[in-house]
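Let's walk through this structure together, one topic at a time. Keep the 3D view open while you read.

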Amino acid sequence: MNNPGFDMATGFEKSPVYSLRRRKRERRNRIFRIVCLGSTMLGVFFLLTVMVAVLFRVIFPANDTRETMVSASQRLQQLADFFGRLLNNGPGIDPTEVGYKVGLAGTLWLLFFVVLLAVPVAVGAAVFLEEYCNDGKIRSIIQTNISNLAGVPSIVYGLLGLAIFQRGFGYSRLALGPCLLAGALTLSLLILPVILIATQEALRAIPKSMRYAALALGATRWQLIRDHLLPAAMPGILTGSILGISRAIGETAPLLMVGAAASLLKPPRGPFSRYTALPVEIYFNAKEPDPAYSTVAAGGILILLALLLCLNFSAITIRNRHRAKHSPKQARPANNI
Amino acid sequence: MSLTDLTQILRTDSLSVSYFDQLALHNINISIPQNCITALIGPSGCGKSTLLRCFNRMNDLVPGVRVSGQIFLNETDVLDPRIDVVQLRRRVGMVFQKPNPFPKSIFQNVAWGARINGYQGDMAELVERCLRQAALWDEVKDKLSRPGDQLSGGQQQRLCIARTLAVEPEIILMDEPCSALDPIATGAVEELMEQLKTNYTIVIVTHNMQQAKRVSDLTACLMHDTQSFPGRRVGVIAEFSTTDKLFTNPSDPRTEAYITGRIG
């Protein structure tokens, strides 16, 4: 038997069988860690750059002459007035007077209908695919299509919405015209695959044993789904809904296709009103040559982000509360988002 | 005790099961008597659990399963595609290898099955009775609203038994109910089975031959039939008799080899 020797790197005896190469492995580990950290930092850097640029634009408006010194409290007051004006005023011709009241109302209306339309349909479809559909072939065909839909550019959904909802395939009786409902339906289609896939993942993460337990007691599929699977999948469904809604809230292109107005004097009053949305108004403001408008656009972006943050926060709160109460210990999805 | 004196509640008639094209069980003929504990023993992969899952058609949930032959519960043909599987599974309950309580309260774990089956009586009374029958009441009576999946493994398994009792099945199928439990919890479950025997018929799959010897009245030993199906793993019933006879005087050489630990 040969002397195993002594490994200076680790302080342990050298193994005659295993070539440990601890230093080399440790070095690779460090390199990979730095690469991952770098990727994260790169992402954070660009996000921060965008945020800082927008904030800068709002805090130092383009027409602000730096010479006019104002105190910090005065500046804060000005900012508060600025956002108050953006939230309370509708469109107009004076860039120091216009606001996003109509667009914001339109976005909230859209979100309401999108949640109402997309979530039940997506959850229903996911439940069908995961729990009812026994035919593997049909399932894989549908699955492939859904995965593809998730990657379709949003402008394509806009065209689809234009043809189906706004024009009704050319039949005037089916046509909704350029109304809020047409926009909501289009956005619903857009986020349907997102919620659907998230719900499927959540259902798949539930252990088979829970299904067996319920069915062995003489439960029907529906009783199993209603009382056990949907509650256990709820965090995943909410995560998917947050993702979907976050996407819907910022979409401009498909709404332009289905008749969102560039500028509208009154907020929508029902699903068949004309409408516009916050990102649409931001888009048109940003296109204006007058630099005062770009401040207004930046302010709009901040309002959009704040709205997004509020929605995400409340959804995550609901999800965590729900998860603490219902989810089985072993079936928790990763705590992302 | 003789096999013929007892009322037979469950009977299979040339039952065969295959997964996709792989034959798993061949020509199973077994009669399970009422108010007895029948143990299914045999080496891994010989189809004990498959046979058990045929009795309440849980095999329907496994993709690629084909079952031929007949199973009679009293006079009902269990495999008839027209029978109501939901109703069958209420009458033939099942306890699984790994305790699988619902992530709900202890009370809800027991009450849920009864409620979905339209139980009309007093739910609190039913829950207490079932938990008492499952020898769990004294341990959990003060914490019925606590989550069932936070109990210890043995308590969880007894909760699963209580849950099964709440739908008042005629037969309880147990698929290695003690394999995830320590000896003390195993003892509790075995004692419980002995008590349940007066009202229920129990079929238990076990890898533990001592357990089969301790608790069961009848034992079926399943083996791979390597003579008729060389090179394949097809389960058949090597021997089915009273537990006493099977363990003291087995008539099949394969059974003898298995129970004495020479194969399997």
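## Where the chains meet

Start with the charges: across the interface of chain A and chain B, the rule turns up zero salt bridges. Keep in mind that this is a predicted model. What you do get between chain A and chain B is five residue pairs in polar contact, with both residues at pLDDT 80 or more.

Which parts of chain A do the touching? Helix 7, helix 8 (221–250) and helix 11 (291–326) of chain A each give two or more residues to the side that touches chain B. Helix 7 of chain A gives the most here, with seven residues. Sort the residues on this side of chain A by class and you find ten nonpolar, seven polar and five charged.

The size of an interface is often given as the accessible area lost when the parts come together. For chain A and chain B, the buried area is about 1800 Å², and carbon and sulfur atoms give 64% of that. On the chain A side, Tyr212(A), Ala216(A) and Leu217(A) lose the most area to chain B, and together they make up 33% of what that side buries.

How many residues does each chain bring to the contact? Chain A brings 22 residues and chain B brings 24 residues.

## The largest pocket

Now look for the largest pocket, which has a volume of about 710 Å³. It is lined by 25 residues, and the closest to its centre are Glu130(A), Glu131(A), Asn134(A), Arg221(A) and Leu61(B).

By class, the lining has eleven nonpolar, three polar and eleven charged residues.

## Salt bridges elsewhere

Over all chains, the structure holds 20 salt bridges. One of them pairs Glu201(A) with Arg204(A), whose closest N and O atoms are 3.8 Å apart.

Why are these two about one helical turn apart? Glu201(A) and Arg204(A) are separated by about one turn because they sit three residues apart in helix 6 of chain A.

Technical notes:
Residues are numbered from 1 along each chain as its sequence is written. Chains are lettered from A and ligands numbered from 1 in the order in which they are written. This is a predicted model: local features need pLDDT of at least 70, side-chain atom pairs count only at pLDDT 80 or more; totals for chains, interfaces and linings use all residues. Side-chain values use heavy atoms; hydrogens and water are left out. On a 1 Å grid over the protein atoms alone, a cavity is a set of points where a 1.4 Å probe fits but cannot get out, and a pocket is an open set with protein on both sides within 12 Å along at least five of seven lines; lining residues have an atom within 4 Å of a point. Grid points are joined across faces, edges and corners, and a volume is the space filled by probe spheres set on the points. Ala, Val, Leu, Ile, Met, Phe, Trp, Tyr, Cys and Pro count as nonpolar, Asp, Glu, Lys and Arg as charged, and the others, Gly among them, as polar. Contact means heavy atoms within 4.5 Å. Buried area is the accessible area (1.4 Å probe) that two parts lose on being put together, summed over both. A salt bridge is a side-chain nitrogen of Lys or Arg within 4 Å of a carboxyl oxygen of Asp or Glu. A polar contact is a pair of N or O atoms within 3.5 Å; within protein, one must be able to donate a hydrogen and the other to accept it, and residues adjacent in sequence count only if both atoms are side-chain atoms. Helices (H or I, at least four residues) and strands (E, at least two) are DSSP runs, numbered from the N terminus.
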